[in-house]
Amino acid sequence: MGERLTGGEAVVRALSGHAVTRAFGIPGTHNLEIYRHLSSYGIRHVLTRHEQGAGYAADGYARVTGRPGVVITTTGPALLNAAAAVGQAYSDSVPLLVVSPGMPLRHPRLATGLLHETRSQTEALRGVAAFSHRVSSVAEIDAAVARAFTLFRTGRPRPAHIEIPLDLLECAEETGPVRVAPAVAPAAPAPEALERAAEALREARRPALVLGGGARGAAVPALALAEALGAPVVTTANGKGIVPETHPLALGVSLHSPSVRDWLTERDAVLAVGTELAESDFWSAPPALDGTLIRADLDPDQMYAGLTADIPVVGDARLTLTALLAAVGESGGGGPHARVPGEEPLLRAKALRAARNAETAERDARWIPYLRAVRSVLPEDAVITSDSAQCCYYGALPHLALGPAGRYLHPTGYGTLGYALPAAIGAKAACPGREVVALSGDGGLQFTVQELATAVQLGLPLPVVVFDNGGYGEIRDEMAARGDTPTAVDLAPVDLPALARAYGGHGTRAYGPDELSAALAEALRTPGPTLIAVPEETR
């Protein structure tokens, strides 16, 4: 005999059954039955000031823990407020679950004026999520939640939405024992594909590795394989830090560099792991490669998306790279082109790094001293969150060195603004003992600046470094490059440190790298958020 549960309790029970202990969101008239049961099932809640902030915070939580982030919204505008964060999670392969109420089961097709009435929440979210599931009974809730967690565990992790009709939230129905997604072993690559890939790598004279976010769990075999092959390693934004960016073979986040892109096209074998090799990675159309492209990915669709794989290897990145390392090592130094990593690949990687830096030295000079100051203060395992800001994609992505112990969370691909602050809140909520710093520009920050209040409520040290160029600097520069008069890109000055203080946090300005390092060190010891504004000259 099962229990009689309301839909609200059934969804909370199902989340708890999948080891969810943290949720982000805002209560509303229609989701109170969900909130009623959170504490009794051991789920702590972070109250954000906007649903988009809740989505980004859950995204940051998911990226640093590897566990799905959970967002609870109410109906209509609240759910749609979270849609941008769902789209970002889809782009960056982040496991995010959004739970919302929906219109009643028998709600008429014609508008009735019901509060938050929306023609189809399910269809709206289906456009940005991996799936959007509207349940039709309380008993179905378990299956819907299990379906989401099965996706997170077995395929490319992407966001999901579960909608519970209003009348089911309060309705009590008979339910059975909670059902959870089954444990699934990582997908092993096919032996034939591995052998073809290993042979191509053994024969290559000029190999290269490209690592994306899908290689995050394969840091150890990735570096060992690069060293065994003498292959320089370039990463995408989501792959930043998988191999230590101070390693002699590391090129860092450099696919956008003309020098690195040209070098990549000339390799006779390129092993790309867990990456789309997309326009958002190269900042232009992906280049044609002269050599053999080996694509290793959990998602079979990637084998013919963008740059088509010559040798497709479908499977878990760690299992794939471990097997390739063993196969390459089995040559035992034999084979016509076997090599011990020597001076030539190291010198080539050093030259490529120098060429990359020289391409943009004048532009990037304004950020590099500040980024060195940030790096000097932070421990190796720090989490740095990032916005779609010049100081981040021109500055921190290529120039702030990270290793596998650290994390850099950036909204690539979809490219939303306002990500850094709420993502930092989610990361800090997940790992309160770990140093977390948000990097942003003044334009992007003001998309979600109200989440400073959430950070105050969290009560944990959280520095927010804001490079203030008085508006939307990238768009200003693009307009000028077109010969246009910059229009609608300049923002009226805002006293951002004072705004942080008004929310109950702390605020200061840093007029040089030494002042930034001192302010950052102080912020890491101070409970609550500290906004550190770095004034920039506009151009």
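Modeller: Ser93 is placed in the loop between helix H5 (83–91) and strand S5 (96–102). Helices are DSSP runs of H or I with at least four residues, strands are runs of E with at least two, and both are numbered from the N terminus. The model is predicted, with local features requiring pLDDT of at least 70 and side-chain atom pairs pLDDT 80 or more, whereas totals for chains, interfaces and linings use all residues. Residues are numbered from 1 along each chain as its sequence is written, and side-chain values use heavy atoms, without hydrogens and water.

Colleague: Why is Ser93 called partly exposed?

Modeller: Buried means under 20% relative accessible area and exposed means over 50%, with partly exposed in between (1.4 Å probe, protein chains only). Ser93 has 21% relative accessibility, so it falls in the middle class. Its phi is positive, about 55°, although Ser93 is not a glycine.

Colleague: What makes Ala19 count as exposed?

Modeller: Its relative accessibility is 53%, and Ala19 therefore counts as exposed. Ala19 sits in the loop between helix H1 (7–17) and strand S2 (22–25). Ala19 is not a glycine either, yet its phi is positive at about 65°.

Colleague: How do you know that Arg63 is buried?

Modeller: The value for Arg63 is 11%, so this residue counts as buried. Arg63 belongs to helix H3 (residues 51–65).

Colleague: What makes the pairing of the Arg63 and Asp59 side chains a polar contact?

Modeller: A polar contact is a pair of N or O atoms within 3.5 Å; within protein, one atom must be able to donate a hydrogen and the other to accept it, and residues adjacent in sequence count only if both atoms are side-chain atoms. The contact between the side chains of Arg63 and Asp59 is 2.6 Å. The side chain of Arg63 also makes a polar contact of 3.1 Å with the side chain of Tyr419.

Colleague: Which residues does Arg63 touch, not counting those up to four places away in sequence?

Modeller: Contact means heavy atoms within 4.5 Å. The residues touched by Arg63 include Gln88, Asp92, Val94, Arg407, His410 and Tyr419. Helix H3 itself lies across S15 and S16, at about 155° to S16. Such angles run from 0 to 180 degrees between N-to-C directions, with axes fitted to C-alpha atoms, for helices over the stretch in contact.

Colleague: How do you know that S15 pairs with S17?

Modeller: Two strands pair if DSSP finds at least two bridges between them. Strand S15 (residues 383–385) and strand S17 (residues 436–441) run parallel and are joined by three bridges. Within this pair, Thr385 stands opposite Ala438 in S17. The open sheet has six strands in the order S16-S15-S17-S18-S20-S19, with parallel pairing.

Colleague: Why are S16 and S19 described as standing at the edges?

Modeller: Strand S16 (407–409) and strand S19 (506–509) each have a single partner strand, so one side of each lacks a neighbour in the sheet. From one strand to the next, the twist averages 20°.

Colleague: What is the order of the open sheet that contains S9?

Modeller: That sheet of six strands has the order S11-S10-S9-S12-S13-S14, with parallel pairing. Its edge strands are S11 (250–253) and S14 (311–314), each pairing on one side only.
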